[in-house]
Amino acid sequence: MRETYRDPALEWLDHVQPVGLVVAPAVVKDLILEPTPQSQIDSAEVELLVDPDPAKLALIDPWAFAEVILGWEARMVAGAPGGPALPDSLSLRLPEYDTTLSPDWAVVDPSGGELPWQLLVRLEGPGIDPDQRGALGGWEATPHQRFERLLRETGVSAGLMITDKDIRLVYAPKGETSGWLAFPIRSLATVGGRAMLGGLKLMLDRGRLFTDAEDRRLPAVLKKSREAQAAVSTALAEQVLGALHELLRGLSAADPGAIRKLAAEQPGHLYEGLLTVLMRLVFVLYAEDRDLLPSRTDGRSRALYDNGYSVRGLYAKLTEDAALNPDTMDERRGGWGRLLALFRLIHGGHPSHIIQARGGKLFDPDIFPFLEGRTLDSDKPAVMTVSDGCVLRVLEGLMTLEAKGRGSDSTRERLSYRTLDVEQIGSVYETVMGFTVEPAAGRVLAIKAGKNNHTPVFVNLDALLVKSGKDRVKYLKEDGDRALTAAQAKAVEAARSIAEAVAALDSIVDERASPRKRELPSGTPILQPTDERRRTGSHYTPRSLTGPIVRYALQPALEQLGANATPEQILDLKVCDPAMGSGAFLVEACRALAAKLVVAWAHWPERKPIIPADEDEELHARRLVAQRCLYGVDKNPLATDLAKLSLWLATLARDHEFTFLDHALKSGDSLVSLTEAQIAAVHWDTSKPGLPLFRQLVEHRVAEVMNGRAEIRAAPDDTTRAIQEARHRSLEGRLRDIRLIGDAVIAAFFAADKPKDREVKRTEVESWLTGSLEAAWNKLTVIAKTLEQGEHPLAPFHWQIEFPEVFADDGGFDAIVGNPPFAGKNTVVAGNRPAYHQWLTTAATESTATADLVAHFFRLAFPLNSFARRVWFSRNEYYSRRRHSKVRPPLDMPQRRNDLLSAVSSALVWRRVRGG
């Protein structure tokens with residue numbers, strides 16, 4: 001087991017416990033920023049400036065501290081004693097709150113950049129808690145939130161907040177997630193605080209602010225730290241995929257018979273269970289690193305949780321065990337049972353409230369009973385004998401990163417989930433989507449293949465050896481998706497045995513899936529990427545991309561509401577991502593609308609709800625927005641679960657259940673849909689004559705569902721999930737028949753290749769509905785089920801009946817955002833069931849046969865979008881250059897014309913405006 005190592009140069013970061021990202025360890029190392037070891041003399045200098053009385057301000061004279069300890073000069077600090085005057089431009093007036101935000105000092109940026117300031121400083125008075133709502137007059141936000149607002153609005157992204165206990169270094173660039181780290185002032189004068197004192201000087205002394213090279217000064221270090229997060233995402237994503245393989249190996253070793261049976265009979269269920277374990281762990285790590293677990297914060301509860309349940313504690317224990325017993329970790333047990341106990345506790349809670357019950361599917365033990373050694377829900381749990389070695393390797397992949405600067409030693413550093421954006425976490429876990437579990441058809445070995453050779457793909461060595469010469473190279477290219485160099489090809493062609501084949505592939509073996517480069521026997525359950533996963537790989541969608549897109553998409557709707565919009569008007573806005581993936585754009589939309597809701601509460605204080613004790617204004621606003629304003633669809637049900645997790649993390653409150661999202665985030669193919677009128681007419685082509693046979697039934701059911709969904713959306717924040725889930729189940733039952741008719745009509749389309757044959761099948765479906773309804777439902781079910789069969793199952797998504805409140809009164813979404821898939825005709829044909837491409841061209845009669853898949857998403861956006869709103873999708877260069885004209889917008893929209901589809905900034909936008 002590899003050593004978990006912490007570089008001495010980074011020790012100070014462990015003590016200050018960053019919240020969000022401020023300084024990236026990788027950047028500190030790359031720039032060789034090492035703190036100067038602090039001595040007794042240094043501690044004594046601080047002690048002279050610190051008041052030992054905890055009831056008073058820790059710093060007797062903040063400017064003396066800055067001048068003596070950090071080496072600042074008054075001429076470089078506006079507002080400081082003897083320094084230049086503080087300009088009025090650094091003050092921010094908030095008339096809606098009758099509040100003015102301003103710094104006490106401003107530190108000059110000597111580089112002469114666009115902004116003359118690099119750091120704002122705020123001095124808070126005695127007894128002011130920076131995290132307490134209402135601690136200052138006027139705006140109810142906490143002092144820390146006020147300071148972040150000031151930094152963002154002035155464009156001076158970095159700030160220093162000095163309270164009576166801490167010195168906080170805050171980084172809040174506009175359009176990005178903020179981060180901060182706190183140096184406890186009185187500890188800086190102690191022996192134990194010398195590492196922190198060295199870190200404080202490293203980041204804020206004269207050299208870092210004024211005299212060092214420009215690329216090593218504070219603004220550059222903070223900016224580079226944000227840029228380095230993409231590399232962190234990539235490294236973590238590769239490790240998370242390795243953890244998924246490790247978990248499958250561990251479960252298979254613990255109960256080979258049960259796991260092999262699942263791999264053969266229920267591979268999708270097994271795969272989803274594996275992913276669920278990882279998503280559970282990421283939730284726990286996120287919550288623990290933000291001190292949201294346990295729910296009770298008294299010392300006894302924390303000690304009980306840390307010692308008996310926490311994932312951080314488990315990792316520390318297993319790491320210690322591995323150091324003492326490195327050769328027996330795969331024979332030791334206990335870690336898996338501890339995780340299962342924690343998962344049950346989070347799902348159901350405890351009467352003592354040490355853990356708040358979260359409810360929902362994610363931690364439900366009955367969804368994947370095999371994880372508890374059960375076959376049926378009614379079986380008693382029997383903890384599988386998963387080894388501690390397996391559990392440790394899984395946690396290591398999720399909680400640590402490879403360390404630098406130790407020569408050839410293999411060491412790792414602890415990763416803090418406090419420094420990761422929700423979008424970043426979502427994109428990392430999106431990398432484990434697109435795999436299947438299957439029994440190995442022969443002896444197999446995993447090689448680095450797929451896009452950029454970053455995906456482990458298992459190769460059947462027995463099948464490889466049956467072939468001869470260059471057919472083996474061709475086999476690896478076609479079946480393994482890996483091209484070989486001349487030297488590699490020569491060795492593969494010459495192999496005469498399994499051992500020689502393994503040796504020939506040695507340089508490209510992916511040890512995440514084949515540890516120690518050993519082949520696995522036939523029948524072993526393995527994870528194999530789908531064809532689409534091999535082609536597309538994965539990517540990180542940062543806030544620097546999602547922020548501008550969401551902001552621009554929301555602009556028309558917000559402008560129409562005006563500056564004095566009521567809270568109810570904000571909460572009535574509806575934003576959709578029709579291909580949501582991990583939910584990055586919805587998370588950003590949640591933040592953006594929540595910020596507007598907080599402003600609306602300030603304008604209309606009598607309409608502001610009571611904020612729960614475990615929430616602040618912004619968090620409460622995000623929870624309301626997530627439940628009422630956000631909608632998303634994805635064809636991959638696992639992506640839907642991941643998007644829910646992303647929004648749960650963004651709306652996580654200590655004492656509340658998960659925000660209910662099942663009514664708004666759904667699974668299905670956004671491009672395969674019938675309108676309410678088409679379902680009523682039992683026909684996909686509304687230009688054809690036909691009687692609306694079931695118009696009354698459809699209208700009645702849709703109206704009923706719409707009223708029920710209004711109850712779900714408007715439910716107070718303290719409404720239990722059990723109530724929301726019961727409401728949702730009832731509505732799904734009422735919608736089932738209408739959805740079934742729509743699915744059956746679409747199944748008739750896919751049942752044949754030619755239009756005449758399809759019409760025959762559709763007519764047959766229509767005829768069933770004119771006879772016995774009981775018999776009709778059975779027949780409709782049978783034909784609808786055909787869409788679930790075959791290599792590419794299809795789940796239609798009928799927008800108008802799934803989200804009826806959106807389309808009431810000829811309405812639609814107020815904004816559509818996202819990053820839909822880009823795929824040419826051949827890729828679409830290869831990656832979907834037969835007739836899928838014909839469906840697209842039939843649904844979009846104005847389209848050409850070569851239109852890119854994303855063009856169909858643009859066309860879809862028009863009937864989904866409310867009048868005069870915007871559609872913003874992230875940009876693909878090839879598409880923006882060549883394919884934007886392949887699909888024309890619908891022609892049946894009165895009083896509307898369409899601008900040119902164009903590339904704007906970092907996104908594509910298709911605006912709709914009134915016709916003139």
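The following legends describe close-up views of a predicted model.

**View A. The largest cavity and its lining.** By residue class, the lining comprises six nonpolar and three charged residues, with no polar ones.

**View B. The aromatic pair of Tyr631 and Phe803.** Among the 21 aromatic pairs of the model is the edge-to-face pair of Tyr631 and Phe803, with 4.9 Å from centre to centre and 70° between the planes. The pair links distant parts of the chain, 172 residues apart: Tyr631 belongs to strand β17 (residues 630-634), and Phe803 to the loop between α32 (799-802) and α33 (804-807). Tyr631 is buried, because its relative accessibility is 1%. Phe803 has a relative accessibility of 0% and therefore also counts as buried.

**View C. The aromatic pair of Phe803 and Phe813.** The ring planes of Phe803 and Phe813 meet at 80°, with the centres 6.4 Å apart, so this pair is edge-to-face. Phe813 lies in strand β19 (residues 813-818), 10 residues from Phe803. Phe813 counts as buried because its relative accessibility is 0%. Ring pairs join Tyr631, Phe797, Trp799, Phe803, Phe807 and Phe813 into a cluster.

**View D. Arginine charges over aromatic rings.** The charged end of Arg168 is placed over the ring of Trp180, at 3.9 Å from the ring centre. Likewise, the charged end of Arg290 sits over the ring of Tyr286, 3.7 Å from its centre.

Methods. Residues are numbered from 1 along each chain as its sequence is written. This is a predicted model: local features need pLDDT of at least 70, side-chain atom pairs count only at pLDDT 80 or more; totals for chains, interfaces and linings use all residues. Side-chain values use heavy atoms; hydrogens and water are left out. Ala, Val, Leu, Ile, Met, Phe, Trp, Tyr, Cys and Pro count as nonpolar, Asp, Glu, Lys and Arg as charged, and the others, Gly among them, as polar. Rings of Phe, Tyr and Trp (its six-membered ring) pair if their centres lie within 6.5 Å; planes under 30 degrees apart count as stacked, over 60 as edge-to-face and the rest as tilted. Helices (H or I, at least four residues) and strands (E, at least two) are DSSP runs, numbered from the N terminus. Buried means under 20% relative accessible area, exposed over 50%, partly exposed in between (1.4 Å probe, protein chains only). A charge sits over a ring if NZ of Lys or CZ of Arg is within 6 Å of the ring centre and within 35 degrees of the ring normal.
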